[in-house]
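Please walk me through this structure.

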Amino acid sequence: MSAQVEKKGYEIGQAEIDKVIAAVDAIKDGPRVLQLYMDICAKCGTCAEQCHVSLGDPHKRTNPALRSDRIRRLFKKDMSMVRKVASMLAGMDSRNLLDKDAVEEWVRDFYECSGCRRCAKFCPMGIDNSVITRKGRAILHSLGMTPDKLVTTQVVSDQTGNDEGFSRPAFMDVIGFLEEELEEQHGVPIKIPVGKVGADVLYVGASADFVSSPDTVMGYAAFFHAAGIDWTMSHAACDAANMGLFSGDDPHMKAKNKVLHDAAMRLKVKRLVIGECGHAYRVAKFIGGTNYWGKDIPYEITSIFYLGVDALRKGLLKLDPSRNPDPVTYHDPCNFGRSADIMEEPRELIRACVSDFREMTPNREKNWCCGGGGGLANFDSTEGVKKRDTTFEEYRMKIAGKKKLEQIRATGAGYVAAPCANCKRQIRQLMEYHKTGVEVGGVFDLLNRAIVFDKSSGSQRAVSLAKSGAAAQPETDLTGAEPATATPSVSARVSLVQVNLERADLPDTSLAEDAVTEPELKGVGLCTVHSPQGEWAFDYALSLARRNKVRLNIYQFFESPYTFQRDMVYIDAKKTKIVPVTPELLAEKDKELRFWYDERLEGYVNVGFRFCEGNDDWELTKCFKRGDYDVLVIGYEKRGGGFGATTTLEKFARSFRGAVVLVGPDDPHSFYVNKKAEGMLDRLNIPKDRWQLVDGVG
Amino acid sequence: MSATTFVGVFLPYLTCVVFLAGIVYRIRKWNKAPVGKMTLTPAPASASEKWKQILKEVLVFRQLLDGNKPLWAGTWVFHAALLLILIGHSRVVTDFPRLWSMLGMSNANVDSMSNIVGGAAGVIILVMGIYLLFRRLTVQRVREISDSDDYVSLCLILAIIVTGDILRFGTHFDLNQTREYFAGLVTFQSVAVPSNPYFLLHFFLGQVLIMWIPFSKFLHIPGVFYSKSLLYQR
């Protein structure tokens, strides 16, 4: 991993155009489905009436039939005599059907379709436009024209085995954190076994869940524990997401799927269970399972929902629906509804976990796509796609997500359960963008809240221990890493990089500060925000640290480009380059941060700098539990602003287990505090008339 | 070779050859092509269930009934009338005296039924055909995906309908003459070609349409079964 990996740019010349034409021509000897779709469309326009994109922006290019026609017309260029005559009369040469601009428009158009297959449900001819979309994407991929994010995700996945780029230590760190959280929430020790040979179940979800939906992962663990299922995760195979389905890159799809197959074989499990990730289940079950590895693989591929419902019916789960009092609605991910026939199982689980379940309409196989299907949910910028008049994020929020937004609003639900990493990200962003205040999570998040453990007997646990047997041996990773144990080890390169500024040559001016009033603070935390409010927060946090003579821990949260827990990261804001994370890179980024605050600290040396991932909530919780600080100071930029990947600043402040002070948003001496902070206002040195509780915004 | 001889003697054989060869070529190609798993769920549980569902969907245009009611009304009636008319055309080629006697119908009965049902169907299909063309021209989402192929095929059908309606309502039409003519065609005997110019035009356009089926969007007729069969495979 020493060489820098750069995404290839693309140039379109005659050679590329010829390549596209040749690929389209090859359809005539290609799969039956494509041959059919080239011929049988009657152009009735029904797909346009049933497509969320087409309805969201009734524009010529969003018409599904017209999008498919990009390939169809090219395919038929020599087939249709009528068209030949017509184009001759119009003075056009059929060879000019495709030019450089048209190829660039292909990228735009084929990445506006989310491949949700809803059109197939309503097409009188049974045409599934997503098949043509994927063909278009596959051709683009062969030209190196796939959007940046998809390409880099595939590179990261090829190198680390998972889309998030978790190294083994980072993964074990996450597992350890989740186990701690589980025990705190449920009062019983709940283990997450990793790499256990001979377990009954190998569980694999989307690696994105570890970053943005930890509650879902905890839900799985709590479920397996309660149901007494002998299960394991694997670091080598911790991600079932498969971008090859979206990019049309068949070799990648197969290679990624092989990671799961290999792990299932190596761990000698009886069942490979895919979690809340619709396309992952579709790939594993219907594409990988039978096509790639033969019909008689020695393990069964199934979904967590089948296991969940089974345990529920057997009465193995004690659930308290009153713990989920908010109205909950369920979003059928297209790959579960229209491609895997998993629709009733999640509903059965949710009904058992919540007190108020509401259907959105339409639902099940006729549900509207979230607007982020086909990999789009992960695209924010223009992703290197030329000819794009809007960013992918705007496109998803304003056009593709329009139907979903209306649908969710109509239910009046406070929580949308969407068991798919793609849908979760899209709907979460959609709810924030339109300030609905609706929470978005998985089905197993609800289960994690509702499940009740009998703390005295521990009988549920006994089942799982009895089943696991004594012969279980830890898995040895292919990478030659140490055998895994369920106990997390502190990694060599921990996720938080701490740099202490011990500058003995500078006088400690804090001695000259005012007399210390309440010496009980152990530390002050500050989340960096680069805005005036961020500066005010910094000033306040520094004065508080000085006053109490405690350490000021500065947390720099990087979204991409600096996600240091990963092995590969974007390094520039335009996201065109990815580099491996090396000690040199860490040192360089650390220096940048230090220089930024160096002068402003005015010689205060008791300062820690910490780089964190965009995974704010957990990282801060971890550091709080470790005693790095008792109060967290954050610049209050605007009301209802986002915080981390999943929530608003206000929501975060209200729910955080430690004291939080928000400084701003209108002047440096206005403070918004949460309940914890309210109880220690004196120590926080906040004047009486200057504060109020964080209100209900967002 | 006069136009009459071309349309009436030469073209029918060409039409048969082109149509049959084209369809056989297509179907064989579809049959040989690789098939991937792409089931659209929920899917029927067994093969017999699958074909039952496909037949049902094809007969009532189930998808359009769900997703596009105005089009459903227009196009279902259009196709149903077309089916009636095709059945009715069998009497142009030959007659079924045994069937009629089994049903207890006299020749006059059959003729008047044919007049009423066939006439109604001829009017209805014309109205629906015009509606479909009107829709293609005026509904923006349909207009933008329509190209020369779509207009030519619709206009061709309309021309066939119009000439057919002229034959039914406008001129006296001698069924015995056409029956003799078709019998001659089938047995490769030289028989006089009916000289009615509307018949010749109608027959010519009809043959053009039939020849065009294997090379155009009319492939949706056999294709819809293949396509749906892919979606509902288990």
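The largest nonpolar core has 104 residues. A nonpolar core is a set of buried Ala, Val, Leu, Ile, Met, Phe, Trp, Tyr and Cys residues joined through C-beta atoms within 7 Å. Buried means that 20 or more other C-beta atoms lie within 10 Å of the residue's own; 12 or fewer is exposed, in between is partly exposed, and C-beta atoms are placed from the backbone. Leu202(A), Ala221(A), Leu272(A), Ile350(A) and Leu447(A) have the most contacts inside this core. Helix H13 (residues 214–227) of chain A gives the most to it, nine residues. Helices (H or I, at least four residues) and strands (E, at least two) are DSSP runs, numbered from the N terminus.

Look at Ala221(A). Leaving out residues up to four places away in sequence, Ala221(A) touches Leu178(A), Leu182(A), Ile190(A) and Ile192(A). Contact means C-beta atoms, placed from the backbone, within 7 Å. Another core, of 59 residues, lies apart from the largest one. Among its residues are Cys41(A), Val103(A), Ala120(A) and Leu64(B).

This is a predicted model: local features need pLDDT of at least 70, side-chain atom pairs count only at pLDDT 80 or more, and totals for chains, interfaces and linings use all residues. Residues are numbered from 1 along each chain as its sequence is written, while chains are lettered from A and ligands numbered from 1 in the order in which they are written.

Now turn to chain B. The axes of helix H1 (residues 3–32) of chain B and helix H10 (residues 197–212) of chain B come within 9 Å and cross at roughly 20°. Axes are lines fitted to C-alpha atoms, for helices over the stretch in contact, and angles run from 0 to 180 degrees between N-to-C directions. H1(B) is therefore roughly parallel to H10(B). Angles under 35 degrees count as roughly parallel, over 145 as roughly antiparallel, 65 to 115 as roughly perpendicular and the rest as oblique. Residues of H1(B), including Leu11(B) and Phe19(B), meet residues of H10(B), including Phe203(B) and Met211(B).

Next, the loops. The peptide bond from Thr41(B) to Pro42(B) is cis, with omega about -10°. Pro42(B) sits in the loop between H1 and helix H2 (47–60) of chain B. Gly664(A) and Pro665(A) are also joined by a cis peptide bond.

Are they buried or exposed? Asp341(A) counts as partly exposed because it has 16 C-beta neighbours inside 10 Å. Glu383(A) has 22, so it counts as buried.

Note on methods:
Two residues are in contact if their C-beta atoms, placed from the backbone, lie within 7 Å.
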